[in-house]
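You asked for a short note on this model. Please look through the sequence and the structure first; the points come after.

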Amino acid sequence: MITNFNLGEYSKLDSNTYGLEKRRLQIEILKLQEDVIKNKRKVCIVFEGRDTAGKSSAIKFFSEHLRPSRYRYISLGIPTKWESSHWFQRWQKALPKEGEICFFDRSWYTRALTEPVMGYCSEKQYVSFMQKVIPWEINLKEKGFEIVKFYFSLTQDQQKKRMQARKSSELKYWKLSENDERIVDKW
């Protein structure tokens, strides 16, 4: 099932309502983790989307009260030459073990979303990915992996504002790379 949430500027919660809803949702994700541990489930929660759209913050929100030994944060970064030509094997190594949740800050979908736009993969690599991704995921499901996917977007103006804020921040400047600045022009 695919669900689209498009939260406009008028959908903001007041701070009290937000606090109550945040607590309720964090209790639910903790219940999920307990069930994952008890039933030896393997859960992949994939966060894809535009740079500065809030993927890392969402993962922080999801994982804030979880048992640290039973979840992992996965951000593989720039692939090596070998990983670039063995795309799914790269991600296979990062999948959750039984009783574990893995939060993927970007995922195998980078091959279909960012890499072609930025010229980091060839057309042949892209086409190969598109032909193999659905069978690969079906195979994962058959092996007991559960995959939840989120895609985060924002307007180009909002993205520019967030990138400028990162440039100016003594705490978040490290989150901005040359690639991030180049991708805004490829909207």
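1. Basis. This is a predicted model, in which local features need pLDDT of at least 70, side-chain atom pairs count only at pLDDT 80 or more, and totals for chains, interfaces and linings use all residues. Residues are numbered from 1 along each chain as its sequence is written, and side-chain values use heavy atoms, with hydrogens and water left out.

2. Sheet order. Four strands make an open sheet with parallel pairing, in the order β2-β3-β1-β4. Strands (E, at least two residues) and helices (H or I, at least four) are DSSP runs numbered from the N terminus, and two strands pair if DSSP finds at least two bridges between them. β2 (71-74) and β4 (145-152) are at the edges with a single partner strand each, so one side of each has no neighbour in the sheet. From one strand to the next the twist averages 15 degrees.

3. Pairing of β3. Four bridges join β2 to β3 (residues 100-105) in the parallel sense. Tyr73 has Phe103 of β3 as its bridge partner, and Arg72 stands opposite Cys102 in β3. β1 and β3 also run parallel, joined by six bridges; here Lys42 has Glu100 in β3 as its bridge partner.

4. Helix on the sheet. Helix α2 (residues 55-63) packs on the sheet and touches β1 (42-49), β2, β3 and β4. Contact means heavy atoms within 4.5 Å. The direction of α2 makes about 160 degrees with that of β3; axes are lines fitted to C-alpha atoms, for helices over the stretch in contact, and angles run from 0 to 180 degrees between N-to-C directions.

5. Burial of β3. Is β3 enclosed or open? Six of its six residues are buried, so β3 is largely enclosed by the rest of the structure. Buried means under 20% relative accessible area, exposed means over 50%, and partly exposed is in between (1.4 Å probe, protein chains only). In a regular strand the side chains alternate between the two faces of the sheet. In β3, Glu100, Cys102 and Phe104 are buried on one side, and Ile101, Phe103 and Asp105 are buried on the other.

6. Aromatic pairs. A search of the whole structure gives 17 aromatic pairs. Rings of Phe, Tyr and Trp (its six-membered ring) pair if their centres lie within 6.5 Å; planes under 30 degrees apart count as stacked, over 60 as edge-to-face and the rest as tilted. Trp91 and Phe104 form a tilted pair, at 6.0 Å centre to centre and 55 degrees between the planes. Trp91 belongs to helix α4 (residues 87-92) and Phe104 to strand β3, so this pair ties together parts 13 residues apart in sequence. Trp91 and Phe104 are both buried.

7. The ring centres of Trp108 and Trp136 are 5.0 Å apart with the planes at 75 degrees, so the pair is edge-to-face. Trp108 is in the loop between β3 and α5 (110-118), while Trp136 is in helix α6 (residues 123-142), 28 residues apart. Both of these tryptophans, Trp108 and Trp136, are buried.

8. Ring cluster and charges. Ring pairs also link Phe47, Phe61, Phe62, Tyr71, Phe103, Phe150 and Phe152 into a cluster. The charged end of Arg111 sits over the ring of Trp87 at 4.0 Å from its centre, and Arg90 lies over the face of Trp87 at 5.4 Å from the ring centre. A charge sits over a ring if NZ of Lys or CZ of Arg is within 6 Å of the ring centre and within 35 degrees of the ring normal.

9. Cysteines. How many disulfides does the search of the whole structure find? It finds zero, a disulfide being a pair of cysteine sulfur atoms within 2.5 Å. For Cys44 the closest cysteine sulfur is that of Cys102, at 6.3 Å, too far for a bond. Cys44 is buried, with a relative accessible area of 0%, and Cys121 is buried at 12%.

10. Two single residues. Thr114 is in helix α5 and is buried, with a relative accessible area of 14%. Not counting residues up to four places away in sequence, Thr114 touches Arg106 and Ile183. Ile37 lies in helix α1 (residues 15-38) and counts as buried at 18% relative accessibility. With the same exclusion of residues up to four places away in sequence, Ile37 touches Arg67, Arg70 and Gly99. Ile37 and Tyr71 are 34 residues apart in sequence and 9.9 Å apart in space, C-alpha to C-alpha.
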